[in-house]
Amino acid sequence: MGFQDLQAFLDRGGPVLIVIMAATFIMWALILERLFYFRFAHKQVAAEAIAEWRARSDRKSVPAHWIRDKLVSEVRAKAEANVQLTKAMVALAPLLGLLGTVTGMVAVFDIMAITSGADAKAMSAGVSRATIPTMAGMVASLSGILFTSGMDRRVNRAVQAVEDEMEIG
C-alpha cells in the first residue's frame, strides 16, 4: 500500500517532483558521506598530517611553514569534500520546486483556455501539480540547510584543531 501511495503522490506532483526526489536522494547521499567521513575517517587523516609535521626536525624555516600550510590545506580539502556540492543541491531544490509551480500553472491555464474555466476538477489537478513540487523543494532545501550550516562549523573546528596541534618551533 505504501508504494501505491507514493506513486499517487508523484503522479499528483508531476514529472518535476520525480526530479526533486532524485536531487534530494543525491543531496542526502552526500550528507551521509560527510557524516561517515567525520565519524570514521577524519581522525586518521588528521593524525597522519600531525604525525608528518611532528616527524620533521625543522619547524621554523619558511619552507617548513609552507609544508605545514600544505598539510593543513590537504586536511581542509578532505574535510570540505562534497560540502559545496551539497550546498548546490540545497539551492537547487527550491528552484526545481519553482519549476514545478510554473509547469503546474501552465497546465491550469491550458485547461482554463480549453474549458473557459468551467472544469474546476481539471484545474485543481493543475493546481496540485503547482503546489506539491513547491512544497517538496522547500522541505528538501530546509533539511539540507540544517546540515550545511552545521557542517561548515564542524569543518572549521576540525581544521583548526589540526592547526593547533601543529605547533611551530
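Partly exposed means a relative accessible area between the buried limit, under 20%, and the exposed limit, over 50%. The model used in these exercises is predicted.

**Exercise 1.** Classify Arg-56 and its partner Asp-58 as buried, partly exposed or exposed, and state what joins their side chains.

Solution. Arg-56 has 24% relative accessibility and therefore counts as partly exposed. Asp-58, at a relative accessible area of 31%, is partly exposed. A salt bridge joins the two side chains, with an N to O distance of 3.9 Å. The cut-off is 4 Å, so this pair qualifies.

**Exercise 2.** Locate Glu-80 and Arg-76 in the helices, and describe their contact.

Solution. Both residues belong to helix H3 (residues 62–80). They are four residues apart, about one turn of the helix. Glu-80 is partly exposed, at 35%, and Arg-76 is partly exposed, at 29%.

**Exercise 3.** Determine which parts of the chain the salt bridge between Asp-152 and Lys-87 ties together.

Solution. The N to O distance of this salt bridge is 2.8 Å. Asp-152 lies in helix H5 (residues 120–165) and Lys-87 in helix H4 (residues 83–115), so the pair ties together parts 65 residues apart in sequence. Relative accessibility is 28% for Asp-152, which is partly exposed, and 26% for Lys-87, also partly exposed.

**Exercise 4.** Describe the span at residues 65–163.

Solution. UniProt, in an unreviewed entry, places the feature "domain: MotA/TolQ/ExbB proton channel" here. The span is 94% helix and 0% strand. Its end C-alpha atoms lie 11 Å apart.

How values were computed: Residues numbered from 1 in each chain as written. Predicted model: local features only at pLDDT ≥ 70, side-chain atom pairs only at ≥ 80, totals over all residues. Heavy atoms only, no water. UniProt positions renumbered as here; feature names shortened; annotations may be inferred. Helix = DSSP H or I, 4+ residues; strand = E, 2+ residues; numbered from the N terminus. Buried < 20%, exposed > 50% of the residue type's maximum accessible area, 1.4 Å probe, protein only.
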